Amino acid sequence: MPRPLPDLIHRALRQIRPLAFETNASFIERLAGAHHLTTSELLTGLRIHPPKVHPVRERDYGPHARSEFYLNTGARARIAQYTGIPEERLTRALPCWTEHRDRGPAGQARAGGAIRPSTLPAVIGCPHCTIARTGYPQAVPRYLPHHRLVCARHRTWALGPHTLDGRPVPHTHALLHQTPEIVRAHLTHLRLTRRRGPDADDAIAQAARITEYWRRHAPRSERVWPLRARCLAGAGGDGPLWEALAREAITYPETIALAGLLIRKPSTRYHRTQPGQSHPLHAAIARLLNRRWLRNPAHYPADLAHYIHSAPRHPADGTVYRHHVKPSPHADSNELTGLGYRTRTPGRATPAAGPGR
C-alpha cells in the first residue's frame, strides 16, 4: 500500500533539517540526496559557482583530514531560500556556516565558496539518534562539544577519526553497555557544565591532558584502564588497540573526578614543581582516584602547570569543542601508533576489534 503523500512530505522535510553541530558539507550532501541529486547538481541548480578546492597539506592536517564546505554570503542566502530555513537557524545549528570571509563588499561576489580541511575536530554522531532525526542510517559528521560525545540513551561514545600506519580505522563509536561508570561520569560532566560554565570546561580540558599523560605512563600495577579497554573492545576484541582508540572514554571517569577537584581548589592548578618534587594535589588525587601509585611524584609531569591549557573554543560563540584536541590538528594527532599502540604483527593494518563498532 503506497504511503500517503503528507507522510512522504513530512519525511523529506525531517530529513533535510540540520542537526545540531553538523558540518556544512554533511548538511549540503544530505540536502542534495533528499532531492535525488548530487552535490554538484544541487549547486548548479541553485546557481552557486563550483567551490574552489584547496589541497590537503598532510604536514598540517594529516592524510585523512575531513574537508569542510565554506559558503560565502550569496551561497548561504540561496540555500536558505531553497530550504525555507532561516539563516539564523542555520547559523545556530551549523558551527561553520558563517566561517567564509567574503572578498570585497558583501553580496557583490558571485555565490560560491571553498572546500578545505576543517580546523575543528568532527566525529560521527550517535547512529541511533541520527536515524530517529533523519529517517536514514547515513553517517552525519558533527562538531560535537566534549560534553556531547556520550549518548546516554543509546550507550555510545563518539570516537574521532583515527589512523593506523597511515590508513583510516573503521571504528566510529565505542559501546558503553559494560562500562556504566562512563555514563555516570557523563551525568556529572553535564552538572558541572551547567553549574560552572566555562570554569568547568577549562578544568575538564586540563584534567583530560593530565589523565592522558597518566594513561601513557601508567605502571603495570594499573588494572582499571586495561580492563575498561577490554570492555569497550568487546568479546574477542584487541584490548591494546582500544586503549589508544578509546583513550578519552577509558580515562573519562577519572578525568571528570579530577576536574571536580581542580574546580574546588583552583589555585593549586598553577603550583609549579620541580622533577620529583611532591605537589599539594598528589595525595588528594591518589585518594580521589583510588590509585596509590599517584602518590609518587615520578608519575606526574615534570611541571604540572605545563599541562594547563584552555579548552578549544569556536571563535564566534565560544562553543567548547573536544577537550584534548587543539584547534589546529597535526598529522600524527590521531595516529594510533603515536598514541602508544603497537601492532601485534608487523605490517598488519587493523587488528580485529569487537563487533558492532
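**Sheets, helix packing and selected residues of the predicted model**

Strands β1 and β3 pair in the parallel sense over two bridges, two strands being taken as paired if DSSP finds at least two bridges between them. Val-53 stands opposite Ile-115 in β3. The structure is a predicted model, in which local features need pLDDT of at least 70 and side-chain atom pairs count only at pLDDT 80 or more, whereas totals for chains, interfaces and linings use all residues. Residues are numbered from 1 along each chain as its sequence is written, and side-chain values use heavy atoms, with hydrogens and water left out.

The secondary structure of the protein comes to 14 helices and ten strands, where helices (H or I, at least four residues) and strands (E, at least two) are DSSP runs numbered from the N terminus. Of the 357 residues of the protein, 48% count as buried, a term that means under 20% relative accessible area, with exposed standing for over 50% and partly exposed for values in between (1.4 Å probe, protein chains only). Among the contacts in the protein with a separation of 6 or more, 74% are accounted for by residues 24 or more positions apart, contact meaning heavy atoms within 4.5 Å.

The pairing of β1 with β3 belongs to an open sheet of three strands, which has the order β1-β3-β2 and mixed pairing. Its edge strands are β1 (52-53) and β2 (67-71), each of which pairs on one side only. Strand β3 (residues 113-117) is joined to β2 by five bridges, and these two strands run antiparallel. Along this pairing, the bridge partner of Ser-67 in β3 is Pro-117, that of Glu-68 is Arg-116, and that of Tyr-70 is Ala-114. Although β2 is an edge strand of the sheet, β2 is mostly covered, with four of its five residues buried.

A further open sheet of three strands has the order β6-β7-β10, with antiparallel pairing. Strands β6 and β10 (173-175) stand at the edges of this sheet, each with a single partner strand, so that one side of each is left without a neighbour in the sheet. Three bridges join β7 to β10, and the two strands run antiparallel; within this pair, Thr-156 stands opposite Leu-175 in β10. The loop between β6 (150-151) and β7 (156-158) contains Arg-155. The phi of Arg-155 is near 55°, a positive value in a residue other than glycine, and Arg-155 counts as partly exposed at 32% relative accessibility.

A positive phi in a residue other than glycine, near 55°, is also found for Arg-47, which is located in the loop between α3 (39-45) and β1. Arg-47 is exposed, and its relative accessible area is 63%. In the case of His-36, which follows α2, phi is positive and near 60°. Helix α2 itself (residues 24-34) is mostly covered, since eight of its eleven residues are buried. The buried residues of α2 are Asn-24, Ser-26, Phe-27, Ile-28, Arg-30, Leu-31, Ala-32 and Ala-34.

Helix α8 (residues 180-196) and helix α9 (residues 198-217) pack at an angle of about 135°, with their axes 6 Å apart. That angle makes α8 oblique to α9, given that angles under 35 degrees count as roughly parallel, over 145 as roughly antiparallel, 65 to 115 as roughly perpendicular and the rest as oblique. The axes are lines fitted to C-alpha atoms, for helices over the stretch in contact, and the angles run from 0 to 180 degrees between N-to-C directions. On the α8 side, the contact is made by His-189, Leu-192, Thr-193 and Arg-196, and on the α9 side by Pro-198, Asp-199, Ala-200, Asp-201 and Ile-204. By class, this contact of α8 with α9 has four nonpolar, two polar and three charged residues (Ala, Val, Leu, Ile, Met, Phe, Trp, Tyr, Cys and Pro count as nonpolar, Asp, Glu, Lys and Arg as charged, and the others, Gly among them, as polar).

Helix α9 also contains Glu-212, a residue that is buried, with a relative accessible area of 19%. The side chain of Glu-212 makes a polar contact with the side chain of Arg-215 at 3.0 Å (a pair of N or O atoms within 3.5 Å; within protein, one must be able to donate a hydrogen and the other to accept it, and residues adjacent in sequence count only if both atoms are side-chain atoms). When its neighbours within four places in sequence are left aside, Glu-212 is in contact with Arg-247 and Leu-339.
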